[in-house]
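Here is a friendly briefing to read alongside the model.

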Amino acid sequence: MVKREKVQHAGEQTHQLLRRQVSLLGRLLGEVIVDAEGAPVFEAVEKIRQLSKAARAEPQSDYHQLQAVLAELDENHLLPVARAFNQFLALANIAEQRHAVSRAMDEQFSATKELESVFDLLTTSGVAASELEANVAALQIDLVLTAHPTEIIRRTLIHKHDEISRCLDELELSGRTQREEALITTRLRELISQIWHSQDFRSQRPTPVDEARWGFAVIENSLWHAVPGFLRRLNSSLLAAGAKGIPLEAAPVRFSSWMGGDRDGNPNVTAKVSREVLLLCRWQAADLYLKDVSVLIDELSMSRCNSALRSLAGETQEPYRVVLKSLRKQLRKTMKYLEQSLEGQRPSSAGIITDIEQLWQPLLCCYNSLVNCGMADIANSKLLDSLRRVQSFGVHLIRLDFRQEASVHTQLMSELTQYLGLGDYAQWNETERLSFLNAELTNPRPLIPVDWQPSEESNELLTTCRLIAKQPEAAIGAYVISMASNASDVLAVEVLLKASGCRQAIPVVPLFETLADLENAASVVDTLLSDASYRRKIGHSLMIMIGYSDSAKDAGVMAAAWAQYRAQEELLSVCSNHDTELTLFHGRGGTIGRGGAPAHSALLSQPPGSLKGGLRVTEQGEMIRTKLGLSSIAIKTLALYTSAILQANLLEPPKPKQEWRQVMDGLATRSCDHYRYWVQQNPDFVRYFRQATPELELAKLRIGSRPSRRRSDNSISSLRAIPWIFAWSQNRLLLPAWLGAAQALGELLQQGERDVLKDMQDQWPFFATRLSMLEMVFAKSDADLSAFYDASLVEDPLQFIGQQLREQLASDTQTLLAIIESESLLENESWAKTTIGLRNVYTDPLNVLQVEFLKRDRKNPDPLLDEAIMVTIAGIAAGMRNTG
């Protein structure tokens, strides 16, 4: 295997640089606080920090002592103190993120090193250069940006954070004069002051269009530069391995988005909104290409050209500029057309860019001419970057996914069949539904009467389908059906798209997300693919989405992980039997409770063959900024994905032994039972959850356009997975990420199964990854803080629940240590252990403050307390590094 050393093992020398930079940012923040709030606030912050550090040093920390000190604070100082700890953690995150791609780390952990390492592994394992070339050429990585409400930080603050990162990068350069260093430090202090004097949170919830614009900003500021940068590194690594480079027309990386298209439980996303976002996608793409072309016009002043370019440019001294100026004129006309369309006008579309070839051909003609005329070094610079972007981003920048819950389609069909006098579709069994839907897919007559007036929700669905029908195929990524459970759920959407005039090949994707639906997924897909006409319709290519969030919320992480693994295996087998290529779409979040894990280990832990059809995965909320927010980090992320996919496809991970399967079947059943005993069967659990966490207060955070619940009832099942995870991360119990898993493992240990568990850990990446993720969760959890929340916020009759859960956490931690044969958590991950400890010193006071604010607010609601609670939520999220 590729040596999977982590950044924290790069050496103490590089970590000293990080510590110096964090210390610098902390000192500058302190200066800003003194200037803005006065010395007493800064002194209070320092006193609390020292007390928190001392409390952490004690085996049994006493948070009540810390609470007593906070209670003595002047009431006007509470919010500034909370903001101080919040902002320090945010600054520490900036420094740590930048450090991961710093020059000090680059020698050992750069994207190029990552790629070269996996190519060395593959070639030494007997993979021929031609096979390597073919696999790289076939790479399909589609990262789907989603607007899940876990990104706490405002967009305006993100820009300041990026500028701080840039300044830290400059500070690392050698050869600076004292004056230059002082200027950078002054700029850092100014930026920190700007942040301190800015609002921490949005005044209103973002609209879906706001969220889409945030996604565009990530592309413009990072991914637009990262894609060609990554492909340069991939190309050079291929050549170094003795293989041919990447073809010009290759597009191993593409991007899609749910921002403005995901209407599942979000009434704010309408057809009108989606249309606006689709137009904005094209406008943003045209604007970025315009900037590229303008730079090329400045640079490509050469006169020599080949006959193909001459035929386009005519007799002129500057043929490249002539061709590029014509393209620039088209781009400007396209932008004006889109601006007028966004204003509600109906401008003429004559002469605008609508197809990728209109961008590709003039740029390619310039490229070929430069190469033919001995100027390959010029061709392979900025012009090559532009060609790479055209293939990756196309005319539409990103492809928009549409998502809606299956029940919404069923409701429309029910209304329609009753209007047509055919009965109630919603009451039909699956056989009756399939018979009707299959007949309609081949029926040439219109299904929807012109004079039919459906309900408001159904009319909105039809309007959305008609919008999709009008779009070019390249503008749409997929139509995802959440809570899919039957073949009819898929065919209903196919029928609605057909009835709306859609002739494009839009992937209709069932999302299997509950435990029952994952277990039934293969049967559903087998029913679909048993129909030869359906296989022909989809071109023997099917995309299926695996839901990680809701399955874990439904059954616990261990049972969900095994169900996801088995579902993928079974789906691969079914599709193979029906001669259909399968692309698996992974709906992962950032946290372990929502399927999150380090990219490389997560991909290598999937079933053999599961990446043959490419990788499509959601990048959600705060993880977009963490993994893709800076171009240097995005390049590294893309390299990690690429190396893992190539390794998994060319050196397939081991298939689980039958004995391992039997063990996992038992673990899944037991862990699910333990999990559901608390979450679903305990009548007091929901009340305890609401009191012990800030779940209700999270709804006040203005961080997303989507409501926190699918339905208006107060059950756990209606609560979305994101606030479910987010709430438990705040009180530091992290319950969804571990409940049931290690308890089931402990029962196996008691039955004498230690040897088989050791065998699974050593030889099976899937199981080893599960244990590694549990170890990280246990290291981040804090039973003492959880107990402090309970003592302060939970009514006495319910406190036994928290006590028993914390006892289980302690027992589970010991079980895991016994399995991994370690005396302490993260024993072999010293840097991770150190950073968690350092963060705790700043996160703990925020937890204590949050408890105090929650207690006051629940007794006497106050808008000022709401703001203070939001500050603590943001700070704890920064300290925990991932939220949902």
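Leaving aside residues up to four places away in sequence, Thr464 touches Arg263, Ala271 and Phe402. Thr464 lies in helix H18, which covers residues 456-470, and it counts as buried because its relative accessibility is 2%, under the 20% cut-off. Please keep in mind that this is a predicted model.

**The barrel**

- 8 strands close into a barrel, in the order E1-E2-E3-E4-E5-E6-E7-E8, and the pairing is parallel.
- On average, neighbouring strands of this sheet are turned by 25° against each other, with direction ignored.
- Strand E1 (residues 141-146) pairs with strand E8 (residues 615-620) in the parallel sense, over 6 bridges.
- Across that pairing, Val144 stands opposite Thr618 in E8.
- Helix H26 (residues 631-650) packs on the sheet, where it touches E1, strand E2 (253-257) and E8. The direction of H26 makes about 135° with that of E1.

**A closer look at strand E5**

- How many residues of strand E5 (residues 508-512) are buried? The count is 5 of the 5, so E5 is largely enclosed by the rest of the structure.
- In a regular strand, side chains alternate between the two faces of the sheet.
- Both faces of E5 are covered: Val508, Pro510 and Phe512 are buried on one side, and Val509 and Leu511 are buried on the other.
- Strand E4 (residues 476-482) pairs with E5 in the parallel sense, over 3 bridges.
- Within this pairing, the bridge partner of Tyr479 is Val508 in E5.

**A residue in helix H8**

- His159 is found in helix H8, which spans residues 155-172.
- Is His159 buried or partly exposed? His159 counts as partly exposed, because its relative accessibility is 37%.
- His159 and Ala217 are 58 residues apart along the chain, and their C-alpha atoms are separated by 9.6 Å.

**Cysteines**

- A search of the whole structure finds 0 disulfides.
- A disulfide is a covalent bond between the sulfur atoms of two cysteines.
- Cys281 is buried, with a relative accessible area of 1%.
- For Cys365, the closest cysteine sulfur is in Cys366, and the separation of 6.2 Å is too far for a bond. A disulfide would need the two sulfur atoms within 2.5 Å.
- Cys365 is buried as well, with a relative accessible area of 12%.

**The chain as a whole**

- The secondary structure of the protein chain comes to 37 helices and 8 strands.
- The radius of gyration is 28 Å, which agrees with the value near 29 Å that a compact globule of 884 residues would have.
- Taken along the principal axes, the C-alpha atoms fill a box of roughly 80 × 80 × 60 Å.
- Of the 884 residues, 60% count as buried.
- Among contacts between residues at least 6 apart in sequence, 82% join residues at least 24 apart.
- The protein chain exposes about 34,800 Å², and carbon and sulfur atoms supply 48% of that area.

Notes. Residues are numbered from 1 along each chain as its sequence is written. This is a predicted model: local features need pLDDT of at least 70, side-chain atom pairs count only at pLDDT 80 or more; totals for chains, interfaces and linings use all residues. Side-chain values use heavy atoms; hydrogens and water are left out. Two strands pair if DSSP finds at least two bridges between them. Helices (H or I, at least four residues) and strands (E, at least two) are DSSP runs, numbered from the N terminus. Axes are lines fitted to C-alpha atoms, for helices over the stretch in contact, and angles run from 0 to 180 degrees between N-to-C directions. Contact means heavy atoms within 4.5 Å. Buried means under 20% relative accessible area, exposed over 50%, partly exposed in between (1.4 Å probe, protein chains only). The radius of gyration is taken over C-alpha atoms; the globule rule is 2.2 Å times the number of residues to the power 0.38. Accessible areas come from the Shrake-Rupley method with a 1.4 Å probe; for residues, only the protein chains shown count as cover.
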